[in-house]
Amino acid sequence: EMMELPSKEEMDLMKDEVAFTGKHLDANQETITLLQQQKKSRMEELARIDTLEERIRAEIKELEKRTMVMTQEIEKYSNLSELQDSADATKDYLGEMNEKY
């Protein structure tokens, strides 16, 4: 048996379906492209955030070290002021003793 060729109406209908499907494919491709761009953008943001997080951690460590050093210096200088007070008291005492004798 010989296959019948489609009528003009059937041919027009098939052309419309092909055009419709082609438009959907184009739209889908645009959506895929847009989503890929957005993904790339989010990945770059994530990389920047990771880098920032590392820098913040390093800065916190540095601040902790500096705080420790400052605390040690405060202790050292507070001891110095106690030593100064003690030296002043001794000086006053010796001064009084010197006046008495």
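This is a predicted model: local features need pLDDT of at least 70, side-chain atom pairs count only at pLDDT 80 or more; totals for chains, interfaces and linings use all residues.
Let me start at one residue, Lys-8, which is exposed at a relative accessible area of 59%, where exposed means over 50%, buried under 20% and partly exposed in between, with a 1.4 Å probe and protein chains only. Residues are numbered from 1 along each chain as its sequence is written, and side-chain values use heavy atoms, with hydrogens and water left out.

Now the overall form. The protein has 1 helix and 0 strands, these being DSSP runs numbered from the N terminus, of H or I over at least four residues for helices and of E over at least two for strands. The radius of gyration is 43 Å, whereas a compact globule of 101 residues would have one near 13 Å; the radius is taken over C-alpha atoms, and the globule rule is 2.2 Å times the number of residues to the power 0.38. Along the principal axes, the C-alpha atoms fill a box of roughly 145 × 20 × 10 Å, and 0% of the 101 residues count as buried.

Turning to the salt bridges, the structure holds 4, each defined as a side-chain nitrogen of Lys or Arg within 4 Å of a carboxyl oxygen of Asp or Glu. One of them joins Lys-8 to Asp-12, with the closest N and O atoms 3.2 Å apart; the two residues are 4 apart in helix H1 and so separated by about one helical turn, and Asp-12 is partly exposed at 32%.

Further along, Glu-44 pairs with Lys-40 at 3.4 Å between the closest N and O atoms, again 4 residues apart in helix H1, with Glu-44 partly exposed at 38% and Lys-40 exposed at 53%. Arg-42 and Glu-45 also meet in a salt bridge, at 3.5 Å from N to O, although here the spacing in helix H1 is 3 residues, about one turn. Arg-42 is partly exposed at 46% relative accessibility, as is Glu-45 at 31%.
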